[in-house]
Amino acid sequence: MMEGLTVTKSPLLFPLVLFVLMIVFCSAVDDYKTYIIHMDKSMMPALFSTQHSWYMSTLSSLENDGISPTHLYTYNHVMDGFSAVLSNKHVEQLRGMSGHLATFNESFGHRHTTHTPVFLGLKKHGGLWPTSGFGDDMIIGIIDTGIWPESRSFSDHGMSPVPSRWRGTCETGDDFNSSNCNNKLIGARSFSKGMKREMNISKSDDYDSPRDFEGHGTHTSSTAAGNRAPFADYFGYAKGTASGIAPKARLAMYKVLFSNSSYDAAASDTLAGMDKAIEDGVDLMSLSLGFFETTPFYENPIALGAFAAMEKGIFVACSGGNGGPHGYTVLNGAPWITAVGAGTVDREFRADVTLGEGTVRVSGKSIYPENLLVSRVPIYYGHGNKSKEVCDSYSLEPKEVEGKYIFCDFSNDPNGDADPLFEMNRTGAAGAIYISDDAQFLTPQDFNLPYVVMNQKYGQLVKDYLIRTDDPTVSVKFQGTKLGTKPAPQVAFFSSRGPDERSPWILKPDILAPGVDILAAWAPNRGSAIIGDYDYLLTDYTLLSGTSMSSPHIVGIAALLKATHRDWSSAAIRSAMMTTADIFDNSNGAIIDMTTGVAGTPLDYGAGHVNPNKAMDPGLVYDIKPEDYISYLCAMNYTRDEIMLFARRTDFSCENSTLDLNYPSFIVILNNTKTASYTFNRVLTNTVDTSASYRAVINTPSTGMSLVVQPSTISFSGKYSTAEFNLTVTIDLSLSPESDYIGNYGYLSWNEINGKHVVRSTIVSAIASPRT
């Protein structure tokens with residue numbers, strides 16, 4: 001006792017202590033939740049006669065932290081494991097025990113995920129996911145902005161030890177060291193020497209290490225191979241369990257993008273990252289970045305690095321670029337790269353809008369990060385004043401809009417002259433509703449007011465109501481998530497279109513994958529959404545759109561296919577995805593180009609939208625050997641010295657040079673003519689163990705295209721046997737509508753006789769680019 005201190009006993013002391021104990025006890029009870037625990041029965045010790053006795057012993061061994069674990073059920077048929085009521089401490093202890101695979105929180109109602117695995121048809125108990133072991137043992141190298149290793153998506157719960165063949169490491173640097181890696185994130189490196197020669201890497205807006213500041217690399221990594229993360233959402237939107245496409249695959253990050261005034265990658269750094277990825281032993285690579293396609297392939301670091309990777313059997317997927325909807329904008333068009341376009345999924349984030357007392361009820365897109373219910377608020381529309389109609393914030397007077405929602409018709413602002421909506425708060429407006437065709441590519445940073453984005457149809461209904469109504473009001477309910485929307489997929493307006501500028505003789509993009517409003521992990525170190533007067537909110541999961549999001553979907557599916565078919569080449573994997581892709585949406589109509597609202601063409605979506613379960617068993621594949629790509633480069637009139645940059649040897653031959661690569665798609669380029677005829681030669685390889693025969697089926701929805709196949713029937717004696725055919729395509733555009741670059745298209749399908757396989761290839765014609 002301190003000298004001079006007098007203690008007086010208080011009659012309130014015991015009740016106060018009791019009250020504190022009650023609070024602690026209630027808090028402990030609240031900490032206990034129901035969990036479902038998956039166990040590996042092969043790890044059960046021999047001393048236990050049943051799995052149930054093993055589980056009960058496991059529970060009894062957990063440290064008692066106030067309340068003992070409570071066993072609920074033992075599962076013997078639907079899964080190997082049990083359910084129990086546990087504390088957070090118990091769960092952490094379980095995760096460190098031998099035999100533990102995974103632990104998930106109890107949930108109620110309909111099961112929801114980040115949704116793209118569901119949209120792609122991936123299921124836990126059937127199809128490609130369980131057949132491939134969820135991508136187990138596959139190593140995916142991500143070339144990007146770095147990674148935020150603490151994300152729940154990079155937890156290694158349930159992961160087996162790192163494959164012994166792995167040669168990579170985790171480098172140290174700013175706020176990053178080897179302890180940040182685990183059995184999920186097995187490697188992380190940073191390459192910045194080239195960038196440092198051009199600029200100083202920002203100390204406030206980046207890390208000179210594998211750690212991600214911007215969030216892009218974290219997002220793409222978790223999309224490709226993130227572990228299951230329960231209770232992921234973006235401020236109430238897209239609630240569910242976040243899962244990568246190949247949740248059991250390993251990740252290795254190669255950071256090559258750095259920030260100063262923008263995010264860029266030096267070619268030298270990009271090549272160094274890809275070089276080290278090959279050396280480390282990755283099985284697949286994904287690059288959600290690109291270099292201008294105005295340079296030949298031998299000057300493009302991604303094309304060079306991907307060629308070397310292909311020779312080593314490494315599958316490479318790349319984003320096709322966000323330069324759409326115009327033709328000849330696709331990037332990463334080298335034929336040994338799988339270039340990916342972006343499509344929508346059957347999910348919308350919406351706000352429900354009611355005008356007046358129910359006079360008009362419509363909905364629009366919103367991911368505003370507050371759970372608001374706006375009731376009968378006045379709404380303003382500056383009808384008759386062009387500047388006010390498009391919501392130029394400097395033309396709006398606070399006395400007109402303060403405390404009101406404002407309606408903005410951005411469709412009347414084709415030049416984008418109006419000020420951005422994040423300036424609206426200076427007017428005192430309460431929120432905004434507006435018409436825009438770009439709703440699918442908006443980010444939360446675009447707004448600091450509650451907002452709803454509407455298409456032309458619904459926006460016109462609102463506009464008509466406002467013009468004819470005195471004292472109009474609006475009610476809005478935010479944070480809605482709707483599943484099963486139709487039609488989906490649609491080709492995103494921003495997705496770059498083919499053909500490729502440098503290599504138009506190969507159809508690009510190759511395939512379409514989810515790329516709009518994709519929920520995935522994020523770097524929670526900076527503001528992700530803004531409300532009010534520049535009040536930035538943090539989040540560890542966010543929604544992004546772009547072909548950057550599409551590429552990791554394809555590399556994840558490729559990991560599942562590679563885990564299932566260890567003998568398939570990268571070309572065979574791509575062929576399997578392309579020839580089984582969907583060309584119809586979920587309403588059984590042709591895939592729509594969201595820019596035009598009508599059916600798209602293969603120049604928009606390539607072979608179609610990827611279907612992972614069908615790709616697992618394609619029947620036949622179009623395989624390509626490294627020497628075939630050399631022959632293609634020869635036909636592109638590259639010199640021997642230029643080709644040596646790829647071949648890295650002198651003993652190659654251009655004797656069989658041809659632009660007719662054994663590709664799963666066909667394209668005819670018309671150069672200053674409306675007619676053309678070309679005969680393609682192809683070889684198909686049987687992937688099944690039995691003999692099979694196939695019959696050619698032709699579908700030409702476009703006028704002005706005729707197709708002849710010889711022979712019309714092909715046969716295979718067994719697995720790996722091959723068959724050859726010729727396809728003659730004749731084009732007459734004088735029979736087709738005028739277009740800047742699109743010709744016409746059709747499909748060649750090889751249908752298995754008395755079997756299930758259908759091997760479909762896209763055929764399209766295009767007008768030559770004036771720049772080539």
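**Entry 1**

I started with D471, which counts as exposed because its relative accessibility is 72%; the scale I use calls a residue buried under 20% relative accessible area, exposed over 50% and partly exposed in between, with a 1.4 Å probe and protein chains only. D471 lies in the loop between α12 (456-468) and β21. Its phi is near 50°, a positive value in a residue other than glycine. I then looked up N588, where phi is near 65°, again positive in a residue other than glycine. N588 sits in the loop between α14 and β28 (592-593), and counts as exposed at 65% relative accessibility. I noted both because most residues other than glycine have a negative phi.

A note on the ground rules: this is a predicted model, in which local features need pLDDT of at least 70 and side-chain atom pairs count only at pLDDT 80 or more, while totals for chains, interfaces and linings use all residues. Residues are numbered from 1 along each chain as its sequence is written, and side-chain values use heavy atoms, with hydrogens and water left out. My element names follow DSSP runs, numbered from the N terminus: helices are H or I with at least four residues, strands are E with at least two.

**Entry 1: cis bonds**

Which peptide bonds did I find to be cis? One runs from A488 to P489, with omega near 0°. P489 is placed in the loop between β21 (473-483) and β22 (490-491). Another cis bond joins Q710 and P711, with omega about -10°. P711 belongs to the loop between β34 and β35.

I went through the pairs in order:

- β30 and β32 (residues 675-686) are joined by 2 bridges and run antiparallel; L620 has N686 as its bridge partner.
- β32 and β36 pair over 11 bridges, also antiparallel; T685 stands opposite T722 in β36.
- β34 and β36 (residues 722-732) are joined by 6 bridges; S706 has T730 as its bridge partner.

Which residues of β34 lie on the covered face, and which on the uncovered one? M705, L707 and V709 are on the covered face, whereas S706, V708 and Q710 are on the uncovered one.

**Entry 2: two serines**

Is S717 buried or exposed? S717 is exposed, with a relative accessible area of 68%, and it is found in the loop between β35 (713-716) and β36. Its C-alpha atom is separated by 4.5 Å from that of S691, 26 residues apart along the chain.

S190, by contrast, is buried at 17% relative accessible area, and lies in strand β6 (residues 185-190). Leaving aside neighbours within four places in sequence, S190 is in contact (heavy atoms within 4.5 Å) with E171, D208, S209, P210, K255 and F258.

**Entry 3: the cores and α14**

Next I looked up the nonpolar cores, meaning sets of buried Ala, Val, Leu, Ile, Met, Phe, Trp, Tyr and Cys residues joined through side-chain atoms within 4.5 Å. The largest has 96 residues, of which I140, M285, W336 and M577 touch the most other members. Helix α13 (residues 547-564) gives the largest share of this core, 8 residues. A second, separate core of 49 residues includes Y237, Y368, M454 and Y541.

Beyond its neighbours within four places in sequence, M577 is in contact with F315, I511, I554, I557, A558, L561, V610 and A615. M577 is also one of the buried residues of α14. How many residues of α14 (residues 570-579) are buried? The count is 10 of its 10 residues.

How values were computed: Two strands pair if DSSP finds at least two bridges between them.
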